[in-house]
Amino acid sequence: MMMRSLLAGSLVAVGLLAGCTRGEAARAASCTDNVLNGSETDVDCGGSCSPCADGKRCSATADCGSGVCTGGICQSPTCTDGVKNGTETAVDCGGSCSKQCTDGTGCEGPGDCASGVCLEKVCQVPSCTDGVKNGSETAVDCGGS
């Protein structure tokens, strides 16, 4: 009887060390358990979980919502990071960036494009019929080449 009592006490002690209480199974890692576990790179983000916010730990660009992991930390989007992120409409241009996007890249409006023409969310090549003074034109859709 004493051996059984010692064995039962040892099993309870092992369960407590593993984070279990009597009758409770060990919990699997999850992306919502407020614990850094599983493949996460920071608490409940990165790895197989959703991307991490700026300032959180990372091991790859996919771990970060911004798509920028430098020195193991997710970085805030910038207009020079080589990634389409933040409010940019294409890589490092449009949106809140001062640089306008080149022809063939993404846009939300004419202000995002160097040509001043955004059609179907793509910056267009200047033409003599686009209603904008652009390219080599000296006035709207006339002059120049």
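I started with Cys93 and Cys101, which form a disulfide with their sulfur atoms 2.2 Å apart. This is a predicted model, so I keep in mind that the numbers are computed from it. The Cys93–Cys101 link is right-handed, with 110° about the S-S bond. Both of these cysteines are buried.

Next I looked for cysteines left without a partner. Cys128 is in no disulfide, and the nearest cysteine sulfur, that of Cys142, is 8.8 Å away. A disulfide here needs sulfurs within 2.5 Å, so 8.8 Å rules this pair out. Cys128 is partly exposed at 44% relative accessible area. Cys142 is likewise in no disulfide, with the sulfur of Cys128 as its nearest cysteine sulfur. I got 39% relative accessibility for Cys142, which counts as partly exposed.

I also wanted the total: the count comes to eight disulfides.

Then Cys79. Which cysteine does Cys79 form a disulfide with? I found Cys97, with the two sulfur atoms 2.1 Å apart. The torsion about that S-S bond is about -95°, so the Cys79–Cys97 disulfide is left-handed. Both cysteines sit in the loop between β2 and β3, and the pair ties together parts that are 18 residues apart in sequence. I noted the strand limits as 73-74 for β2 and 118-119 for β3.

Leaving out neighbours within four places in sequence, I see Cys79 in contact with Glu88, Asp92 and Cys97. I also checked Cys79 against Gly95, 16 residues apart along the chain, and their C-alpha atoms are separated by 9.7 Å.

Another pair I looked up was Cys45 and Cys52, joined by a disulfide with an S to S distance of 2.1 Å. Their link is right-handed, with 100° about the S-S bond. Cys45 is buried at 6% relative accessible area, and Cys52 is buried at 3%.

Last, the cores. The largest nonpolar core has six residues: Ala90, Cys93, Cys101, Cys107, Cys113 and Cys123. A second, separate core has five residues, among them Cys52, Cys58, Cys64 and Cys74. Going back to Ala90, I find that it touches Lys84, Cys101, Thr105 and Gly106, not counting residues up to four places away in sequence.

Terms used. Residues numbered from 1 in each chain as written. Predicted model: local features only at pLDDT ≥ 70, side-chain atom pairs only at ≥ 80, totals over all residues. Heavy atoms only, no water. Core = buried A, V, L, I, M, F, W, Y, C linked by side-chain atoms within 4.5 Å. Buried < 20%, exposed > 50% of the residue type's maximum accessible area, 1.4 Å probe, protein only. Contact = heavy atoms within 4.5 Å. Helix = DSSP H or I, 4+ residues; strand = E, 2+ residues; numbered from the N terminus.
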